[in-house]
Amino acid sequence: LAFSSALLVKTMRTLVTTDPGFRASSVSTFQVTAPQARYPTSGAIDGYFDRVTAAISALPGVVGVATSTDMPYTGNMTSDVFTMRERGDLGPNNPQVRVSVVSDSFWDVMGASVVAGRAFAPTDLPTAPRVVIINTAAADKYYPGED
């Protein structure tokens with residue numbers, strides 16, 4: 001029991017003192033779900049979230065609004081596999097990564113910086129070429145020495 005308690009205290013201290021890489025203060029989060037019966041298509045869901053974002057943006061004191069399928073440190077992130085075009089499909093050996101879909105304003109609202117490359121832009125629409133942002137750990141592992 002003493003060991004478990006000490007480990008818990010050490011873990012909490014580490015969580016509190018570690019820079020998460022984004023602004024953790026002055027940010028409010030909450031979950032919003034579009035009811036499938038009322039919003040059956042991806043276009044209808046996009047419109048719903050556009051209206052929710054606009055309504056929240058209009059509230060007094062709100063500086064910025066962003067959307068994300070998951071928030072950091074919630075443990076609710078979705079995993080998926082990806083194939084690297086230059087290496088081809090490796091079947092069951094394809095890397096598995098955690099995936100979040102975020103709005104183009106996410107990086108500014110969360111105070112996170114893009115180390116290399118670029119952040120999402122309003123022009124990154126479903127009809128445009130797909131854009132992906134990966135973290136430094138994934139870049140170092142799968143694309144060492146590349147931008």
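**Exercise 1. List the residues that Ala119 touches, leaving out those up to four places away in sequence.**

Step 1. Apply the contact rule: heavy atoms within 4.5 Å.
Step 2. Skip residues up to four places away in sequence; Trp107, Val114, Asp124 and Ile133 are then the residues touched by Ala119.

This is a predicted model: local features need pLDDT of at least 70, side-chain atom pairs count only at pLDDT 80 or more, and totals for chains, interfaces and linings use all residues. Residues are numbered from 1 along each chain as its sequence is written, and side-chain values use heavy atoms, with hydrogens and water left out.

**Exercise 2. Place Ala119 in the chain and explain why Ala119 counts as partly exposed.**

Step 1. Find the loop between helix H3 (106-110) and helix H4 (136-142); Ala119 lies there. Helices are DSSP runs (H or I, at least four residues) and strands likewise (E, at least two), numbered from the N terminus.
Step 2. Recall the classes: buried is under 20% relative accessible area, exposed over 50%, partly exposed in between (1.4 Å probe, protein chains only).
Step 3. Ala119 has 26% relative accessibility, so Ala119 counts as partly exposed.
Step 4. Turn to Val131: 12 residues separate Ala119 and Val131 in sequence, and 9.1 Å in space, C-alpha to C-alpha.

**Exercise 3. Describe the protein chain and the confidence in it.**

Step 1. Count the elements: 4 helices and 2 strands. Their pattern along the sequence is α-α-β-β-α-α.
Step 2. Check burial: 13% of the 147 residues count as buried.
Step 3. Read pLDDT, the predictor's confidence in each residue, from 0 to 100. The chain averages 82, and 88% of the residues score at least 70.
Step 4. Compare elements: helix H2 (residues 42-57) has the highest mean pLDDT (91), strand S1 (residues 78-81) the lowest (72).
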